[in-house]
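Welcome! Here are a few exercises to work through with the model open beside you. Take them one step at a time.

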Amino acid sequence: MLKKQFFVYGIVQGVGFRYFTWREAVKIGVKGYVCNRQDGSVEVVAFGSEQQLKQLYHWLKQGPKTARVEYVSEQDYITDSEFQDFSLRY
């Protein structure tokens with residue numbers, strides 16, 4: 001299982017981005033979380049197969065219709081933590 005951390009920049013807060021990301025992540029079958037960051041971006045941590053993470057990354061680049069994604073950064077997420085599901089964090 002791969003572990004990735006994504007940071008999504010643009011108009012991504014106050015537009016339902018977390019909810020739609022949660023819904024898409026559950027549909028794809030990844031585990032992890034999504035949360036707003038103080039700098040106006042959204043953080044997504046996801047655990048899954050290479051194919052699942054690629055699918056999520058492509059979705060994050062587009063986002064929901066209400067958002068305007070300008071940039072998505074991706075990096076490996078180093079942790080011993082495991083997640084049981086995909087959750088919304090506040």
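Rings of Phe, Tyr and Trp (its six-membered ring) count as a pair if their centres lie within 6.5 Å. Keep in mind that this is a predicted model.

**Exercise 1. Find which residues form one aromatic cluster.**

Step 1. Begin with the whole structure: a search of it finds 8 aromatic pairs.

Step 2. Look at Y33, F47, Y77 and F83, which together form one aromatic cluster.

Step 3. The charged end of R89 sits over the ring of Y33, 3.7 Å from the ring centre.

**Exercise 2. Compare two aromatic pairs, Y19 with W22 and F47 with F83.**

Step 1. Locate Y19 and W22: both belong to helix α1, 3 residues apart, or about one turn of the helix.

Step 2. Check the geometry. Among the 8 aromatic pairs, Y19 and W22 make a tilted one, with 5.8 Å from centre to centre and 35° between the planes.

Step 3. Ask how accessible they are. Y19 is partly exposed, at a relative accessible area of 39%, and W22 is partly exposed too, at 30%.

Step 4. Turn to F47 and F83, whose rings pair edge-to-face, 5.0 Å centre to centre and with 75° between the planes. F47 is in strand β3 while F83 is in the loop between β4 and β5, so this pair ties together parts that are 36 residues apart in sequence. Both F47 and F83 are buried.

**Exercise 3. Work out whether the span of helix α2 agrees with its number of residues.**

Step 1. Helix α2 covers residues 50-62, which is 13 residues.

Step 2. The expected span is 1.5 Å times one less than the number of residues, so α2 should span 18 Å.

Step 3. The end C-alpha atoms of α2 are 19 Å apart, which agrees.

**Exercise 4. Which residues of α2 are buried, and which are exposed?**

Step 1. The buried residues in α2 are L53, L56, W59 and L60. They cover an arc of only 125° around the axis, so they lie on the same side of α2.

Step 2. E50, Q51 and Q62, on the other side of α2, are exposed.

Step 3. Now see what covers the buried residues of α2: β1, α1, β3 and β4 are included.

Step 4. Finish just after α2, where G63 takes a positive phi of about 70°.

Note on methods: Residues numbered from 1 in each chain as written. Predicted model: local features only at pLDDT ≥ 70, side-chain atom pairs only at ≥ 80, totals over all residues. Heavy atoms only, no water. Helix = DSSP H or I, 4+ residues; strand = E, 2+ residues; numbered from the N terminus. Buried < 20%, exposed > 50% of the residue type's maximum accessible area, 1.4 Å probe, protein only. Arc of directions from axis to C-beta. Contact = heavy atoms within 4.5 Å. Phe/Tyr/Trp six-rings, centres within 6.5 Å; stacked < 30°, edge-to-face > 60°. Lys NZ or Arg CZ within 6 Å of the ring centre and 35° of its normal.
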